Amino acid sequence: MNFTITLTPGDGIGPEVVRQAVRVLDVIAAKFNHTFTYRERLLGGCSIDQFGAALTDETLADCQSADAVLLGAVGGPKWDDPQAKVRPEQGLLALRKGLGVFANLRPVKVHPALVNASPVRAERLHGVDMIVVRELTGGLYFGQPKERRMIDGKERAVDTLEYWDYEIHRIIELAFQLALPRKKKVSSVDKANVLESSRLWRQIAIEVGKKYPTVTLEHMLVDTAAMRLVASPTNVDVMVTENMFGDILTDEASVLAGSMGMLPSASLGASGPGLYEPIHGSAPDIAGKGIANPVGTILSCALMLRYSLKCEKEAAAIETAVERAISAGCLTKDLNGKLGSAQMTDEIIARLRG
Ligand code: NAD
């Protein structure tokens with residue numbers, strides 16, 4: 001099969017980890033007889049430097065017309081001025097919007113060799129294997145009005161938490177689909193005791209749940225979910241929630257895996273290319289040193305193969321190679337190992353070929 005992949009490596013360690021992930025994709029292409037055509041484009045701070053915009057129309061068009069997009073990370077101190085009119089993150093938000101990706105999937109699987117790397121007690125981490133699904137294009141971050149206003153000499157700020165039924169429906173549906181081949185459990189997270197939008201969320205979760213009699217649906221208030229994620233993470237299979245709750249809970253869940261550098265993500269829409277990226281940022285403190293953990297980006301390629309390119313065998317091959325490398329003690333510096341980005345990738349590639 002022939003696939004076109006747009007690469008937006010971005011800033012800081014972004015280009016370093018994307019370079020390693022492409023090496024893995026090239027091995028997959030050779031092993032499974034595919035052709036990957038890469039189009040590399042600027043995004044974030046480097047695009048601001050070159051074009052004055054964090055995402056140009058041309059780059060967006062090249063992302064929209066690809067089979068999938070692989071992103072590194074954007075941002076860094078050079079572009080951090082809060083007064084700046086153009087910021088790297090704007091590129092990321094515009095890209096998500098332009099691709100229409102409404103669901104962010106973050107699988108969190110704790111490798112047995114890494115249970116001691118997390119601040120959570122090791123005995124709670126054995127067997128953790130979950131996907132947190134966050135709604136990405138609605139809710140508090142996008143609702144209008146969003147403003148500040150002076151009223152009778154006092155300043156008032158407003159954000160609006162708004163959801164349409166169809167926005168909730170499509171993400172809950174996706175969560176059930178994801179649960180089917182897994183442990184068949186969906187934990188829907190809301191704040192239905194306080195928020196009207198959460199009551200609509202819960203109502204729709206129940207409606208959609210009726211279509212999936214083999215999947216267990218549980219409702220959890222977001223405060224309870226925050227506790228459960230660290231107190232009993234093995235009980236979570238697929239957790240689905242709205243945008244802001246998901247923003248917070250996905251970062252909390254990432255702590256279970258021991259390092260930010262380990263975790264992949266996929267952002268999916270109803271159709272069109274998916275957006276794949278590690279969950280970490282541009283890590284300016286280690287950029288240019290060749291020590292960034294490439295695993296999150298390499299596992300993002302596995303998600304790309306699974307969800308956008310429909311190549312399940314190839315996706316599983318990458319995941320198995322990563323697992324075997326870690327089991328053999330191959331670790332980067334963020335996990336108290338000795339390997340640099342390229343050496344870690346060499347170890348994964350050796351197991352992919354083997
Ligand atoms: P960060 O994720 O870049 O780094 C946090 C810590 O984790 C740092 O100590 C870093 O060295 C370490 N780390 C992150 N990824 C690693 C990897 N692959 N291997 C080894 N160690 C790794 O978060 P931050 O420091 O808060 O943000 C830095 C910049 O990244 C900021 O400009 C921020 O806006 C941006 N950012 C971008 C994204 C994105 O592009 N999606 C996400 C988060 C932050």
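T241 has 0% relative accessibility and therefore counts as buried (under 20% relative accessible area; exposed is over 50% and partly exposed lies in between, with a 1.4 Å probe and protein chains only). This residue lies in strand β10, residues 238-241; strands (E, at least two residues) and helices (H or I, at least four) are DSSP runs numbered from the N terminus. The side chain of T241 comes to 3.1 Å from the backbone oxygen of V189. Such a polar contact is a pair of N or O atoms within 3.5 Å; within protein, one must be able to donate a hydrogen and the other to accept it, and residues adjacent in sequence count only if both atoms are side-chain atoms.

The model is predicted: local features need pLDDT of at least 70 and side-chain atom pairs count only at pLDDT 80 or more, while totals for chains, interfaces and linings use all residues. Residues are numbered from 1 along each chain as its sequence is written, and side-chain values use heavy atoms, with hydrogens and water left out.

**Domains**

The domain assignment gives domain 1 (1-100 + 270-354) and domain 2 (119-257); such bounds come from an automatic or database assignment. Between the C-alpha centres of domain 1 and domain 2 the distance is 26 Å.

**Strands**

Two strands pair if DSSP finds at least two bridges between them. The pairs below list their bridges and sense.

| Pair | Bridges | Sense |
|---|---|---|
| β6 (residues 143-151) and β7 (residues 154-160) | six bridges | antiparallel |
| β8 and β9 (residues 216-221) | six bridges | parallel |
| β3 (residues 68-73) and β12 | three bridges | parallel |
| β11 (residues 264-268) and β12 | four bridges | antiparallel |

β6 and β7 form a hairpin with two residues between them, and D152 in the turn has a positive phi of about 50 degrees. Strand β8 (residues 185-190) is mostly covered, with five of its six residues buried. K185 has T216 in β9 as its bridge partner.

Strand β12 is largely enclosed by the rest of the structure, because five of its five residues are buried. In a regular strand the side chains alternate between the two faces of the sheet. From β12, G274, Y276 and P278 point one way, and L275 and E277 point the other way. Y276 stands opposite L70 and is also the bridge partner of A266. The hairpin of β11 and β12 has five residues between the strands, and G272 there takes a positive phi near 85 degrees.

P284 is in the loop between β12 (274-278) and α9 (295-308). At 46% relative accessibility, P284 is partly exposed.

**Ligand**

Around the ligand there are 20 residues, of which V74, G281, A283, D285 and N293 come nearest; a residue is counted if one of its heavy atoms lies within 4 Å. A polar side-chain atom of E89 is 3.0 Å from a ligand oxygen atom, and one of H280 is 3.3 Å from a ligand nitrogen atom. A backbone N or O atom of A283 lies 2.7 Å from an oxygen atom of the ligand. The protein covers 68% of the 810 Å² of accessible area that the ligand has on its own, by the Shrake-Rupley method with a 1.4 Å probe.

**Cysteines**

With a disulfide taken as a pair of cysteine sulfur atoms within 2.5 Å, the count is zero. For C46, the nearest cysteine sulfur is that of C63, 12 Å away. C311 is buried, with a relative accessible area of 6%.
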